[in-house]
Amino acid sequence: MDDAVPETPAVAEDEPASEPAPDPGYDPASPAPLNVPRTPTGDADVDAALDRLGDADHLATDGHLEVYEDVHRGLRDALTALDARPGPPVPPSQHGPRS
């Protein structure tokens with residue numbers, strides 16, 4: 001039985017390894033969508049704020065901060081609005097006031 005490993009052909013050091021040619025239209029620094037799914041929450045204000053995140057997909061990195069701050073402001077306003085809504089009336093205590 002022959003346990004010899006077949007030799008792989010040597011590549012000359014001055015020959016570049018065969019790599020696929022880069023796409024001439026590809027620019028790694030250009031904006032690219034992240035394609036992060038956004039699931040609707042059912043709250044129109046929250047959904048609008050989350051949809052706004054998609055605007056960052058088409059901006060250079062230095063434009064992301066404005067979008068993120070706008071989304072944060074919208075989400076904060078939506079939470080504040082929840083606190084401002086009157087809740088159901090509190091039922092009167094059955095035991096009366098305590099002394």
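This is a predicted model: local features need pLDDT of at least 70, side-chain atom pairs count only at pLDDT 80 or more; totals for chains, interfaces and linings use all residues.
A salt bridge is a side-chain nitrogen of Lys or Arg within 4 Å of a carboxyl oxygen of Asp or Glu. Residues are numbered from 1 along each chain as its sequence is written, and side-chain values use heavy atoms, with hydrogens and water left out.

**The chain overall**

- The secondary structure of the protein chain comes to two helices and zero strands, where helices (H or I, at least four residues) and strands (E, at least two) are DSSP runs numbered from the N terminus.
- Of the 99 residues of the protein chain, 11% count as buried; buried means under 20% relative accessible area, exposed over 50%, and partly exposed in between, with a 1.4 Å probe and protein chains only.
- The protein chain exposes about 9200 Å², of which carbon and sulfur atoms supply 57%, the areas coming from the Shrake-Rupley method with a 1.4 Å probe, and for residues only the protein chains shown count as cover.
- Among contacts (heavy atoms within 4.5 Å) between residues at least 6 apart in sequence, 36% join residues at least 24 apart.

**Helix α1**

- The buried residues of α1 are Val46, Asp47 and Ala49.
- Seen down the axis of α1, these buried residues fall within an arc of 160°, so they line one face of the helix; the arc is that of the directions from the helix axis to the C-beta atoms.
- On the other side of α1, Ala44 and Asp45 are exposed, whereas the cover over the buried residues of α1 includes α2.

**Helix α2**

- Helix α2 covers residues 64-84, which is 21 residues, and reaches 30 Å from its first C-alpha to its last, close to the 30 Å expected at 1.5 Å a residue; the expected span is 1.5 Å times one less than the number of residues.
- The buried residues of α2 are His64, Val67, Val71 and Ala78, and they cover an arc of only 75° around the axis, which puts them on the same side of α2.
- These buried residues of α2 pack against α1 (44-52), while the face of α2 turned away from its buried side carries the exposed residues Leu65, Glu66, Asp83 and Ala84.

- Side chains of opposite charge can pair when their charged atoms come close.
- Arg52 forms a salt bridge with Asp70, the closest N and O atoms being 2.6 Å apart; Arg52 lies in helix α1 and Asp70 in helix α2, so the pair ties together parts that are 18 residues apart in sequence.
- Asp55 also forms a salt bridge with Arg52, and here the closest N and O atoms are 2.7 Å apart.
- Asp70 and Arg73, being three residues apart in helix α2, are separated by about one helical turn.
- Arg52, Asp55, Asp70 and Arg73 are linked in a network of salt bridges.
- Arg52 is partly exposed, with a relative accessible area of 24%; Asp70 is partly exposed at 28%, Asp55 is partly exposed at 38%, and Arg73 is partly exposed at 39%.
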